[in-house]
Amino acid sequence: MFEIRNLSRHFGTKVAVDGVSFSVPEGQMVGIIGRSGAGKSTLLRMINRLADPTSGSIRHGDVEIAALKGEALRRWRRDCAMIFQQFNLVPRLDVLTNVLLGRLNHRSTALSVMNLFSREERIMAIAALERLGIEQTALQPAGTLSGGQQQRVAIARALMQEPRVILADEPIASLDPMNAKVVMDALADINRRDGITVITNLHTLDTARSYCRRILGMAEGRVVFDGLPSELTTDVVRRIYGATDDFDEQMTSTSLDFSMPQALPVPGYAMQAVAAC
Amino acid sequence: MLVLTATEMDAIALRHPHAVRPPFWAVWRVPAMAMAIAVYVLFSWWFFGIGQVLATTNWQIAGSYLLQWVTYEYRPTIAIDKDGAIKVGYPRFDPIGPNPDPAWMSLDRGMMERRIEAPASGAAQTSGFVASPFMAPPAKPATEQPATRREEVVKRAEVRFTNEARLVVTPDRVVVDKDGETLTLSVNHDDEVKAQGPLPAWATQKRAGDRVIVAFGASGWAQIDGSSVVIHKRFFGWVNFIFDTNSAFFGKSAGEVLHLVVSGERLDPARSNLALAVDDFLHNPSWQHLDVWTKLLETIVMAFIGTLFAALVAFPLCFVAARNITRNRAANQITKRFFDFQRSVDMLIWALFFTRAFGPGPISGMAAIFFTDTGSLGKLFSEALENIDGKPREGVTSVGAAPIAVQRFGVLPQVLPVFVSQTLYFWESNTRSATIIGAMGAGGIGLKLWEAMRTHTNWPNIFYMVILIIGTVFIFDTISNALRSRLIGRPQH
Amino acid sequence: MPNRLSDRAAIIERHWREQARTRRLYTLIGGGGLIVVVALSLVFANEANAGKFFERLPFFFDFTKDLVPRDWLEVLRAMFDLPSPYDDGSLKYNYPEGRYLVTADLYIPEYIEKMLETLNIALLSTVIGALFGFVLSFLAARNMMPNALVRGVARRFMEILRAFPDVVIAGFFLAVLTLGPIPAIMAVSIHSIGALGKMFFEVVENADMRPEEGLRAVGGSWIERVRFALVPQVLPNFASYFLLRFEINVRASTIIGAVGGGGIGELLRLSISQGHGAKTISIVILLFGTIVAVDQFSAWLRRRLVGGDAFLPAT
Ligand SMILES: Nc1ncnc2c1ncn2[C@@H]1O[C@H](COP(=O)(O)OP(=O)(O)O)[C@@H](O)[C@H]1O
Ligand SMILES: [Mg+2]
């Protein structure tokens, strides 16, 4: 259970996030929509604490995330994986090492710095890559992969963190429609089979509709909508996007026809879904 | 979550053997590099005999030299005569000045009946001391009968090094207190010193009866032998930095000096007090301000003219060297090799040759910088030219401009900021190089520094010059950064 | 073309002329000032110099007479420590004396041995400079060190190391350690720490920070972020600056050698001042060859590491 109360973030005089409150039960897949500059990224970055809140509280279970420091903060970041629009991989390192870097917080710094990962960890990393269907790229430098592949590497790295929550900040904004679908399917699959909470910022309304059981709409730093995809009427959408009458929902959609995700091809091993963690 | 059983793991390992077994270099590259560096450093340790040198080095000397960068000493000698009369004297050039009465030394005086010895030996006794309270008796005709006379002498001298450390000299013993420990030394008015009780850690004596050295850390030390105590009283700061002891302004406070300069009576009838003060300051014999500044200016001029002329000569040559400007491979190659030659005959060699030709001085240094950097700048300039964008040139050529006009309007605007920026870099770095070239004989502050270093005594002056040099480099660094960022519009760091 | 300009065009024309006039004025003042400064500098330098420029110029090449060896094979003999037929017991022809014996018959010629020593001084100093500069650069870079105090201290420290005159460092350690190569190593290393630290931290500040953000989100510690997000990015540039500094340090350690730090520089200064032609020429050739070789090698390696920018400004 995730609970955010009155969370705000100011940049100088600019209020990026303005008194946001909501809670997310374990295992939900939440989409956050809103126009550019609405404060979506800032909100996610505060949850992972890449940005510090100006005021308000973020609680996970009975831990106050907003007050964490040092070692405890880094442990929280491990539990709360983040996926970026620009992938944020290390381009010069090979894919497998990039995935293994998800383990950083599980091991001592000395071991990590010496680049000594155990056999179990390497196998885990390959398993994660297999699950995302890119195991054949394991030994290539990450920078040489296509955008869609890189984002899948980033998801594999997130899986290696064994997180409770995955935050995705516009994970498909830099991808072509085909790759976007693969990435969104992967996130939905992780949410469904592993029971990991997924909170994702999306810039297209139809993606949010087809993948998320719950949608938050943000405008000017505030949550202006919180409900089921079916409750997103044209009026509500206008309110979120602050658009005038000539607003057309098509403007926020990609041309691809999204169907509900199929389960990924099940590889020859079991990835057990551990329900509540 | 990724929870795998052992069999599943094995299955994966079987499917991806290459990925599971980490590539050798991926794992060992960093340790191997670290090893290689460690081995190389160890090798050099042996090659240069560093361990041996460090082990035999007297680090106390290093500490004491460093301390001297920011401290000065007064060195009174407290001499104990055979009859128990104590005399306090200072060396001729002691920075304490002509009328010493320091607060850290108290003297108890009294009258005493003394035998006057032959004048020759009397003079010998007092030689080397000036301004001592004891004045040599006037020479008088030698008589068989030794005369006596009453005179005022010091009976007890006390030197306070710190609040917890002092040294008291009485006619037959010297008592040293430090941090609650007391050392009593009896002196025999000849060459023998005897310690009563064991020596504390801060006192050293090579052999029984030898002189004793007592150290008080940064506040000084003293050397005690049978008939005298030499005090080294140390203070932080630079002494007599403005006026030396033989200036009329010595020992006056800033207010007094200002008053004298503004409205005081002329100290020297020949000129105003202001002129006198300025002259005394500039020609201060222990700090030699004027000379130091002149030498610094020589160094600056060396770097400035050397770099400027190098840039001026490199400028036309680089157009010949650039492949895309002069379409003549022979001309390109000859100019480029010429640049390489100048660069590679090092600044050192040029400097040594030019000092032979012109004698030591800024001209030699200038010439050395000029010759080396014509090569370096020429190479840089021609590379900048070869990397230019060809479109503006085509544009200018297309309007039917003459070749010179093409260079002027199509090429120069692109490369000029780069040229100036590189030249500024070199100007700044040559200011530093000029120092070391100077030390090799090209003059300037480098030579002065080097000469001061050879004596191992002038550390405050050395530090003064170091600060001036660092300041100059900082200022030039700032100027050239500011100019550069205005030229290229790149933000400064 | 119309002879009369419209009103607005006339205004523009006038402004353009005014601007051109001010620009010309500034150029004139700047150029005039520069010429005056240069002229004064030249007069001053000529006054301060021991020999006057125009007096000495006719005799400029006189000293080269001392340098011409009796026969040109002498140069080779001096370089390889072979006995000279002109040997009269004086210092001028005692080539075999400085041989560095490896075994009873096998020796390394003195100048080559000293040249290697100078090269090694340069290499060791560059390694020391790079090791310390590496650590300092991450403390001085804005994007890796949010604490302004630590950053400021690291930067000022490097600036002082860079500006500190090497003569003084060498001289100080000469005074403390007596002779040997260590004063030269100290002087060159200390300068290298400052110079490399500065170049390194500028590289770090220009690094792409997205990988670093990714690892921060993973929960990586500061050291892990440096190791995995930054080091792979900056290492090629660091290596390139390392090589460039090595080139500079070869020259620097030769010069320091000449003021008493051992190595080939000292021998060169001695042989020039004593007018030993063959020795001087053989050292100059050796030095020239070494510098060319080092420059070429490093330029080649740098081109492989970072492509294009093979020659960067030296600071
Ligand atoms: N580091 C920052 N400094 C200043 N303003 C920022 C910063 N990050 C975000 N903002 C501002 O906060 C607002 C919200 O930004 P963001 O959270 O990125 O919006 P979204 O992700 O919804 O497009 C924007 O107006 C943006 O300009
Ligand atoms: Mg955003």
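## Backbone, ligand site and voids

B:Q288 lies in the loop that runs between α8 (273-282) and α9 (289-321) of chain B. The model is a predicted one, and in it the phi of B:Q288 is near 50°, a positive value in a residue other than glycine. Most residues other than glycine have a negative phi. A second case is found in chain A, where A:N6, although not a glycine, has a positive phi of about 55°; A:N6 belongs to strand β1 (residues 2-11) of that chain.

Chain B is divided into domain 1 (73-109 + 150-239) and domain 2 (289-488), and the centres of domain 1 of chain B and domain 2 of chain B, taken over C-alpha atoms, are separated by 56 Å. Chain C is likewise divided into domain 1 (2-64) and domain 2 (110-311), with 38 Å between the C-alpha centres of domain 1 of chain C and domain 2 of chain C.

### The surroundings of ligand 1

The residues that surround ligand 1 are A:F11, A:K14, A:A16, A:R35, A:S36, A:G37, A:A38, A:G39, A:K40, A:S41 and A:T42. By class, this shell around ligand 1 has three nonpolar, five polar and three charged residues. Two elements of chain A, namely β2 (14-24) and α1 (40-47), each supply at least two residues of the shell, and the largest share, three residues, comes from α1(A).

| Residue | Protein atom | Distance to an oxygen atom of ligand 1 |
|---|---|---|
| A:A38 | backbone N or O | 3.2 Å |
| A:G39 | backbone N or O | 3.0 Å |
| A:S41 | polar side-chain atom | 2.5 Å |

Of the 560 Å² of accessible area that ligand 1 has on its own, the protein covers 59%.

How many cavities of 30 Å³ or more are counted? The count comes to seven cavities of 30 Å³ or more, and the second largest cavity has a volume of about 80 Å³. Its lining is made up of A:D94, A:L96, A:T97, A:L100, A:N115, A:F117 and A:R122 from chain A, together with B:P22, B:P23, B:A26 and B:V27 from chain B. The elements that give two or more residues to the lining of this second largest cavity are α3 (95-100) of chain A and α3 (24-47) of chain B. The largest share of that lining, three residues, comes from α3(A). Sorted by class, the lining of the second largest cavity has seven nonpolar, two polar and two charged residues.

### A pocket lined by chains B and C

The second largest pocket has a volume of about 1,700 Å³. Its lining has 44 residues, of which B:M33, B:I37, C:F134, C:V231 and C:L235 lie nearest the centre of the pocket. The elements that give two or more residues to this lining are α3 of chain B together with α5 (110-140), α10 (222-261) and α12 (277-306) of chain C. Which element supplies the largest share of the lining of the second largest pocket? That share, 13 residues, comes from α10(C). By class, the lining of the second largest pocket has 36 nonpolar, three polar and five charged residues.

Technical notes:
Residues numbered from 1 in each chain as written. Chains lettered and ligands numbered in written order. Predicted model: local features only at pLDDT ≥ 70, side-chain atom pairs only at ≥ 80, totals over all residues. Heavy atoms only, no water. Near = heavy atom within 4 Å. Polar contact = N/O pair within 3.5 Å; in protein donor to acceptor, adjacent residues only side chain to side chain. Areas by Shrake-Rupley, 256 points an atom, 1.4 Å probe, with all protein chains shown as cover. Helix = DSSP H or I, 4+ residues; strand = E, 2+ residues; numbered from the N terminus. Nonpolar A, V, L, I, M, F, W, Y, C, P; charged D, E, K, R; others polar. Domains from an automatic or database assignment. 1 Å grid on protein atoms, 1.4 Å probe; cavity = no way out; pocket = protein on both sides within 12 Å on 5 of 7 lines; lining within 4 Å. Points joined across faces, edges and corners; volume = space filled by probe spheres on them.
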